[in-house]
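Hi everyone, thanks for coming along. Please take a look at the chain on the screen, and then I'll walk you through it.

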Amino acid sequence: MVREDGKRNFALRESGGDESSVFSGNTPRQAALKAARRLEPGSSEDDAERVELRLREKGTDKVHIYDGWAWEETAPDDKPDWMPSEITEANVSKKGIEHLDE
């Protein structure tokens, strides 16, 4: 379901079907990246643990499935004053879409 500002809401589904958090974005990937940033970061992108993220688009029966991972990285030199020197980066890879039978 699309909001007035064009964003859609995606609920993060746990393995038991519970929906713990809601992330918004123009695309499912944008919401998945936000969810991935909350994962426990690894020391580098190669060392980061891949975790399956299942995001149900609110108002539909679609579940977007991604592998997500996060890692710590040094902030860029032109960072704003409020930004810490170590930041969390994230990436996702789409695995597919499922439709709920519920």
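Let me begin with a definition: a polar contact is a pair of N or O atoms within 3.5 Å; within protein, one must be able to donate a hydrogen and the other to accept it, and residues adjacent in sequence count only if both atoms are side-chain atoms. The side chains of E57 and H64 are joined by such a contact, at 3.4 Å.

A quick word on where this comes from. This is a predicted model, where local features need pLDDT of at least 70 and side-chain atom pairs count only at pLDDT 80 or more, while totals for chains, interfaces and linings use all residues. Residues are numbered from 1 along each chain as its sequence is written, and side-chain values use heavy atoms, with hydrogens and water left out.

Now the overall layout. The chain has one helix and five strands, where helices (H or I, at least four residues) and strands (E, at least two) are DSSP runs, numbered from the N terminus. Reading from the N terminus, the order is β-β-α-β-β-β. Along the principal axes, the C-alpha atoms fill a box of roughly 45 × 35 × 20 Å.

How do the strands pair? Two strands count as paired if DSSP finds at least two bridges between them. Strand β1 runs antiparallel to β2 (residues 19–25), with six bridges joining them, and R13 stands opposite E19 in β2. Five residues lie between these two strands in their hairpin, where G17 takes a positive phi near 100°. On to β3: this strand pairs with β1 over four bridges, in the antiparallel sense. The pairing of β3 with β4 is antiparallel too, over six bridges, and there R54 has I65 in β4 as its bridge partner. The β3 and β4 hairpin has four residues between the strands, and G59 in the turn has a positive phi of about 85°.

Let's return to E57. It sits in strand β3 (residues 51–57), and F10 stands opposite E57. Is E57 buried or exposed? E57 counts as buried because its relative accessibility is 5%; buried means under 20% relative accessible area, exposed over 50%, and partly exposed in between (1.4 Å probe, protein chains only). Contact means heavy atoms within 4.5 Å. Leaving aside neighbours within four places in sequence, the contacts of E57 are M1, R8, N9, F10, K62 and H64.

D81 counts as exposed because its relative accessibility is 81%. From D81 to S20 is 61 residues in sequence and 33 Å in space, C-alpha to C-alpha.

Next, the inside. Of the 102 residues, 34% count as buried. A nonpolar core is a set of buried Ala, Val, Leu, Ile, Met, Phe, Trp, Tyr and Cys residues joined through side-chain atoms within 4.5 Å. The largest one here has 14 residues, and those with the most contacts inside it are F23, A36, L53, L55 and V92. Helix α1 gives this core its largest share, four residues. Beyond its neighbours within four places in sequence, L55 is in contact with residues including F10, F23, A31 and V63.

One last stop: R50 lies over the face of W69, at 4.0 Å from the ring centre. A charge sits over a ring if NZ of Lys or CZ of Arg is within 6 Å of the ring centre and within 35 degrees of the ring normal.
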